[in-house]
Each structure stands twice: as C-alpha cells, then as structure tokens.
Amino acid sequence: MKNICFVQSDLNVGGIQKSLFNLLRNIDYTKFNVDLFLFQRGGFFEGSFPKELNIIYLDVPMRKYSFMKFEKVAKKAVFELPEPDKEYDLAIDFNSYQNACAALVDRLNAKKKVMWVHNDVAIKLGGEWKYRVLWHFFKGKFKIFDRFITVSDGLIDSFVEKSGVAREKISSICNYIDVDEIITGCTAAPDDFFPDPNKVNLVAVGRLCYQKGYDILLDILSRVCKKRDDLAVYIIGDGEDKEALLKQRSKLGLDDKVFFLGNKKNPFCYMHLCDGFVSTSRYEGQPLNIMEAKVLGLKLYIAKNLEKYTGCGLKGTDDMEKALVEAEKFREHSFDRLVSYNNNILNSIEALCSEETNG
C-alpha cells in the first residue's frame with residue numbers, strides 16, 4: 001500500500017475542489033492509504049467522501065501566510081500534525097495557490113513532493129492583478145517540489161515560461177470525471193426548472209468571474225438574439241461578478257433570454273434538460289463543466305481557445321455568434337462514460353507514486 005496525502009485549503013465551491021472531490025471519491029483505496037489535509041471546516045463538498053479517506057483539519061491562518069514570502073512562511077508556519085513522523089510516498093499540494101499548502105508539503109516526510117497546476121498561469125498573470133500579487137509572494141515555493149502536474153497539456157508551456165521550472169519536471173494528468181455521479185444526478189427532476197420545449201435551451205456552468213467570460217457570452221448573445229427569438233440560456237453558478245452581469249444583461253435587453261440560476265448541488269438534472277452547453281471562458285486549466293456536458297451527450301458550443309485545455313481532442317469554434325445563430329434542438333442524448341479516459345488518470349497517479357524522482 002502506498003501512502004499519499006493531498007493538501008487543500010478548503011472544500012468550498014470551485015473547480016479545484018470539484019476535481020479533488022471527484023478523484024478522492026474514485027481513487028482505489030485497496031492500493032492507497034490517503035490522507036487529506038484541510039485548513040477550513042465545512043464547505044460545499046464536505047461529508048461526501050468514502051469512509052476510507054482520512055481527513056485531517058489543521059488550524060492555520062491561510063490569509064496571513066498568503067501575503068508573506070514563501071521562504072518566510074516555510075520557516076514560521078506551525079503545523080500540529082497528528083503523526084509528525086509519518087512517511088508518505090507522495091505529498092501533493094493540490095491547491096497550488098496558498099503558501100500554507102506548499103509549506104505543509106515542505107514540512108511533511110515525503111519521498112516525493114508534487115504540485116498540481118490548475119490554470120494557464122501566463123494568461124492569469126496577464127489578466128488578474130490579484131493573482132499577480134499572490135504569485136509575487138508564493139513563487140519561491142517552486143524549488144521545494146520534485147514534480148509538477150498540470151491538468152492538461154495546454155498549461156505546460158505557459159507554466160514553464162512563467163515559473164522557470166525545468167520542462168522535464170512537468171507532465172499532465174487530466175481531472176477525473178465522476179461519470180456515475182453525473183448520470184445518477186441527471187435522473188432527478190428539478191422542481192424549479194421548466195425550459196420551454198419550443199426554444200433552443202442552452203446551459204452554461206461555472207463561477208461568475210472574469211475567467212469564465214460570461215461578459216463575452218452576453219455580448220455575443222445580444223447580437224445572436226437580434227437574429228433569432230427562440231434562444232434561452234441558463235447560467236448555473238455564483239460569484240463576484242454577479243451584479244455586474246445582471247446589469248449587463250438588462251442593458252443588452254436579455255432579461256427574457258438569459259437566466260441566472262445560482263449554485264446548484266446537482267447541476268446535472270438541469271443540464272440534461274437542455275439542448276446544448278456553451279462556454280466562452282477566457283482560459284481554463286481543464287474545464288470540468290465541458291467534460292460533464294460531454295458525458296451527458298449535450299451539443300457543445302465552446303470557444304476555439306478552449307480546445308487545448310480539454311485533454312481529449314474536443315473541438316471549439318472561432319465564430320461563436322454563427323454557431324449560436326445556427327444552434328438547433330438536440331434531444332438524441334447518449335451518455336459518454338469516459339472509461340479509458342478515467343482509467344488513464346488513475347493509472348497515472350499510481351505511476352507517479354512509483355517513478356524515480358528526477359533531480
């Protein structure tokens with residue numbers, strides 16, 4: 001049995017948390033003893049893990065450490081570990097944003113220390129000042145890791161360019177997609193969602209933030225809806241840009257075309273009732289929402305720039321306006337169970353445990 005630990009800040013709503021949730025619900029616990037270190041109790045995904053997973057909560061001031069240079073955090077941070085001498089075959093900073101997560105991995109007795117990379121850091125650094133601030137404080141942590149795993153091949157060149165990490169230390173392992181959860185979830189009947197069967201109903205899923213590009217989508221829809229009157233778009237998610245997007249929707253005259261549904265514990269039963277899935281994200285790590293829509297057999301309307309992040313050769317369009325003008329009803333849904341895709345991910349985790357550390 002291999003000993004693995006994952007270090008994550010919290011289990012709140014988010015793509016990183018969802019990808020961790022999927023993986024830890026499906027990892028083979030006959031091969032791995034798994035510890036999950038968390039710095040915050042509660043959260044959207046808490047209480048839904050297998051009993052074999054050992055969850056350890058630590059009282060650590062994450063925000064304080066976020067605005068200190070990593071080298072200082074590594075020296076000052078205090079971690080009261082239940083088994084301070086426990087040896088791990090693999091210690092993973094799954095968060096990749098928080099200094100506290102990296103400092104804990106640095107402190108653990110592990111044969112190999114790995115950091116997961118969830119986003120296109122070059123684009124994120126260029127477009128988000130808050131991330132530039134975090135990067136300034138945490139970039140010193142890269143030297144403590146033996147390996148780096150990006151969640152799609154499309155992130156590797158960007159990470160090499162900005163981090164200075166040697167290319168040979170980096171490889172990709174896509175996010176695990178919990179197909180059973182999706183298929184089971186879509187059999188439920190939501191009591192607050194009744195899309196018009198005479199319209200082409202599209203769904204978008206994701207946090208209401210700059211990265212997800214909903215402002216781009218609304219601008220496109222304002223032009224599309226001048227050419228057709230039978231389109232409805234439902235957006236599942238919440239976030240800091242909600243008020244700005246609501247104002248933009250009204251300004252563009254889309255109040256009767258675009259509907260914000262908020263966060264949903266089970267988005268799949270909503271998605272399954274729609275004809276297609278749309279995404280105009282500015283960038284991704286690997287878009288879980290697109291992969292979930294693929295499982296459900298939805299027609300995909302995704303921007304061209306997202307192709308390199310999908311990890312399975314999905315094609316996007318460089319003319320989203322034209323694609324949505326031509327969108328049609330699509331009711332011949334069939335499930336894609338992603339069998340070989342998910343098996344490859346679990347096999348890659350096992351191989352990561354066993355490979356020799358490369359300097």
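The protein chain contains 14 helices and 14 strands, where helices (H or I, at least four residues) and strands (E, at least two) are DSSP runs numbered from the N terminus. The model is predicted: local features need pLDDT of at least 70, side-chain atom pairs count only at pLDDT 80 or more, and totals for chains, interfaces and linings use all residues. Residues are numbered from 1 along each chain as its sequence is written, and side-chain values use heavy atoms, with hydrogens and water left out.

The radius of gyration of the protein chain is 21 Å, which agrees with the value near 21 Å that a compact globule of 359 residues would have. This quantity is taken over C-alpha atoms, and the globule rule is 2.2 Å times the number of residues to the power 0.38. Along the principal axes, the C-alpha atoms fill a box of roughly 65 × 40 × 35 Å. Of the 359 residues, 57% are buried; buried means under 20% relative accessible area, exposed over 50%, and partly exposed in between (1.4 Å probe, protein chains only). Contacts are defined by heavy atoms within 4.5 Å. Among contacts between residues at least 6 apart in sequence, 73% join residues at least 24 apart.

The chain exposes about 15800 Å², of which carbon and sulfur atoms supply 48%. Accessible areas come from the Shrake-Rupley method with a 1.4 Å probe; for residues, only the protein chains shown count as cover. There are 51 positive and 51 negative side chains, and the centres of the two sets lie 5 Å apart. Lys and Arg count as positive and Asp and Glu as negative, without His and the chain ends; each charge is placed at NZ of Lys, CZ of Arg, CG of Asp or CD of Glu.

A search of the whole structure finds 20 aromatic pairs. Rings of Phe, Tyr and Trp (its six-membered ring) pair if their centres lie within 6.5 Å; planes under 30 degrees apart count as stacked, over 60 as edge-to-face and the rest as tilted. The pair of F6 and F94 is edge-to-face, because the ring centres are 6.0 Å apart and the planes stand at 70°. F6 belongs to strand β1 (residues 2–8) and F94 to the loop between β5 (90–93) and α4 (99–107), so this pair ties together parts 88 residues apart in sequence. F6 is buried at 0% relative accessibility, and F94 is buried at 1%.

F148 and F159 form a tilted pair, with 5.3 Å from centre to centre and 45° between the planes. Since F148 lies in strand β8 (residues 147–150) and F159 in helix α7 (residues 156–163), the parts tied together are 11 residues apart in sequence. Relative accessibility is 0% for F148, which counts as buried, and 1% for F159, which also counts as buried. Ring pairs link F148 and F159 with Y97, Y131, W135, F138, F142 and F145 into a cluster.

R167 is located in the loop between α7 and β9 (170–172) and is partly exposed, with a relative accessible area of 43%. Its C-alpha atom is separated by 9.5 Å from that of F148, 19 residues away along the chain. Apart from neighbours within four places in sequence, R167 is in contact with I156 and V160.

Helix α12 (residues 288–295) is mostly covered, with seven of its eight residues buried. These are L288, N289, I290, M291, E292, A293 and V295. Just after α12, G297 takes a positive phi of about 75°.
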